[in-house]
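Q: Please take me through this structure one feature at a time, giving the general idea before the particular case.

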Amino acid sequence: MSKKIVVITGSSRKNGNGFAMTDAFIKAAEAKGHTVTRFDAAFKKVGGCFG
């Protein structure tokens, strides 16, 4: 049974240890048939609610 997985990272270093660990996890999960979506929060403009 395949799963949908969301990976959220916060590191701004694309070649750092966090990215290497995340990439290894994503590759292993995809190899087992899971769908993985990666969200790199450090490279997005994320703000609070203005309501």
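Predicted model: local features only at pLDDT ≥ 70, side-chain atom pairs only at ≥ 80, totals over all residues.

Q: How should I read the exposure of V46: is V46 buried or exposed?

A: A residue is called buried under 20% relative accessible area and exposed over 50%, with partly exposed in between. V46 has a relative accessibility of 60%, and therefore counts as exposed. Once residues up to four places away in sequence are set aside, V46 still touches F39 and A41.

Q: Which residues form a nonpolar patch on the surface?

A: The patch consists of V6, I8, F39 and V46, which together have about 410 Å² of accessible area. One of these, F39, sits in strand β2 and is partly exposed, its relative accessible area being 33%. Apart from neighbours within four places in sequence, F39 is in contact with V7, I8, T9, K44 and V46. For a sense of distance, F39 and N17 are 22 residues apart in sequence, and their C-alpha atoms lie 17 Å apart in space.

Q: Turning to the helix, what should the 15 residues of α1 span?

A: Helix α1 covers residues 17-31, and at 1.5 Å a residue it should span 21 Å; the C-alpha atoms at its ends are 21 Å apart, so the model agrees with the expectation.

Q: Which residues of α1 are buried?

A: The general idea is that an α-helix has 3.6 residues a turn, so residues three or four places apart point the same way. In α1 the buried residues are F19, T22, I26 and A29. The face turned away from the buried side carries the exposed residues N17, M21, K27 and A31. Just after α1 comes G33, which takes a positive phi of about 95°.

Q: What does T22 touch, not counting residues up to four places away in sequence?

A: T22, a residue of helix α1, counts as buried because its relative accessible area is 10%. With those neighbours left out, T22 touches V7, T9 and R38. The C-alpha atoms of T22 and R38 are 9.1 Å apart in space, although the two are 16 residues apart in sequence.

Q: Where is T9 found, and is T9 buried or exposed?

A: T9 belongs to strand β1, and at 8% relative accessibility it counts as buried. Leaving aside neighbours within four places in sequence, T9 is in contact with F19 and T22, and also with R38, F39, D40, A41 and A42.

Q: How many salt bridges does a search of the whole structure find?

A: Side chains of opposite charge can pair when their charged atoms come close. Here the search of the whole structure finds two salt bridges. In one, R38 pairs with D23, and the closest N and O atoms are 2.5 Å apart. This pair links distant parts of the chain, since R38 is in strand β2 and D23 in helix α1, 15 residues apart. Both residues count as partly exposed, R38 at 26% relative accessibility and D23 at 32%. A further salt bridge joins D40 to R38, with the closest N and O atoms 3.0 Å apart. D40 is buried, having a relative accessible area of 19%. Through shared partners, these salt bridges join D23, R38 and D40 into one network.

Technical notes: Residues numbered from 1 in each chain as written. Heavy atoms only, no water. Helix = DSSP H or I, 4+ residues; strand = E, 2+ residues; numbered from the N terminus. Expected span 1.5 Å × (residues − 1). Buried < 20%, exposed > 50% of the residue type's maximum accessible area, 1.4 Å probe, protein only. Patch = residues over 30% accessible without salt bridge, like charges linked within 9 Å, V, L, I, M, F, W, Y side chains within 5 Å. Areas by Shrake-Rupley, 256 points an atom, 1.4 Å probe, with all protein chains shown as cover. Salt bridge = Lys/Arg side-chain N within 4 Å of Asp/Glu carboxyl O. Contact = heavy atoms within 4.5 Å.
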